[in-house]
Amino acid sequence: MLIDSLVSVLKAIGKDIKTIADSVDKKADSADLSSKRDISNTEFTKSIAVKADDYSGIKLYNTAGGYARLECAPEHNTGIIASIIKRDKNDALKYVLSLPARNGTLATTDQIPEGGLGNAPFRQNNTSNAHLIKNNYWGLWTSTGTLNFDWFTGNKTPYITFDAGGIKIRGTLVRHVVDSWHNPANGVYWREWSDGWLEEGGYCPISGTPSIVTVSYHKPFKNPPIMTLTDVTKQDTTGGADVYKTPTTTNFSVILVRNNRQGFYWKAEGYKA
């Protein structure tokens, strides 16, 4: 009888010990691991979940006492996924790096040459066919031959378009000079515009008193151009104003009326031949 009683007591004590051990394990499993259990060099075989508050995070300390904290963003913050915060040993804030809430790939330093943005793609007409490039120079490149800039949502006609024809604003080509020439010695020039308009002019000196002078254009016109003449005269008291004959597509003639003159400036405008 004594032995049976002793066995019963030992079994009861064993159950109590096991119950206590199970309780300790459960409490340890749910405890704050950073202060309750040494997990140095521990390999976790399951994901770690931290549920503290809207800014749940993990701190990674260095030997000087400073740390980097990786923390999530609140659900109502639709602009940020998470943040990496760097503080020194005195808990003073040093840096904050926020991860924007969007799909994409972070670029590494070797993908950003010379410390700037290099060969960065951007979407055009909802297609990634354009790039901002920096290969010893800044530029824009597109595989379509046309580069569009449009800040009006739903605008079917891009506000600004660049292509081989030039710059267009809302579909209308911006008029611009495509070729020109100028002689600084005497002011003779011609200027050709993107729409085919041609301007040219110069100075025609006169020696003696000829009755008629013929001037050839630098470039021919499609039709007889609009002419403008400006006399440069010395003092004279005879005759009236010089007049020009009807210009042709290649030249014009001026009938000289006054004597003792120095010459005249001329300008011709019209569409090129």
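Trainee: What is the relative accessible area of Glu199?
Mentor: This is a predicted model, so local features need pLDDT of at least 70 and side-chain atom pairs count only at pLDDT 80 or more, while totals for chains, interfaces and linings use all residues. Residues are numbered from 1 along each chain as its sequence is written, and side-chain values use heavy atoms, with hydrogens and water left out. Buried means under 20% relative accessible area, exposed over 50%, partly exposed in between (1.4 Å probe, protein chains only). Glu199 is buried, because its relative accessible area is 10%.

Trainee: Which residue forms a salt bridge with Glu199?
Mentor: A salt bridge puts a side-chain nitrogen of Lys or Arg within 4 Å of a carboxyl oxygen of Asp or Glu. Here the closest N and O atoms are 2.6 Å apart.

Trainee: How many residues apart are Lys272 and Glu192?
Mentor: These two form a salt bridge, with the closest N and O atoms 2.5 Å apart. Lys272 sits in the segment after β19 (261-271) and Glu192 in strand β13 (residues 189-193), so the pair links distant parts of the chain, 80 residues apart.

Trainee: How many salt bridges does a search of the whole structure find?
Mentor: One of them joins the side chains of Arg69 and Glu71 at 2.7 Å, N to O. Both Arg69 and Glu71 are buried. The search of the whole structure gives five.

Trainee: Which strands stand at the edges of the open sheet?
Mentor: Four strands form the sheet in the order β1-β2-β3-β4, with antiparallel pairing. Two of them have a single partner strand each, so one side of each is left without a neighbour in the sheet. Those are β1 (57-61) and β4 (93-100).

Trainee: Which residue in β4 stands opposite Ala82?
Mentor: Two strands pair if DSSP finds at least two bridges between them. Strand β3 (residues 80-87) and β4 have seven, in the antiparallel sense. Opposite Ala82 stands Leu99.

Trainee: Which residues does Asp88 touch, not counting those up to four places away in sequence?
Mentor: Asp88 lies in the loop between β3 and β4. Asp88 is partly exposed, because its relative accessible area is 22%. Contact means heavy atoms within 4.5 Å. Asp88 touches Gly65, Gly66 and Lys94.

Trainee: How far apart in space are Asp88 and Ala68?
Mentor: In sequence they are 20 residues apart. From C-alpha to C-alpha, the distance is 8.8 Å.

Trainee: Where is confidence highest in the protein chain?
Mentor: pLDDT is the predictor's confidence in each residue, from 0 to 100. Its mean over the protein chain is 75, and 59% of the residues reach 70 or more. Helix α2 (residues 33-36) is lowest, at a mean of 52. The highest, at 95, is β13.

Trainee: How many of the residues in the protein chain are buried, as a percentage?
Mentor: The chain has two helices and 19 strands. Of its 273 residues, the buried ones make up 22%.
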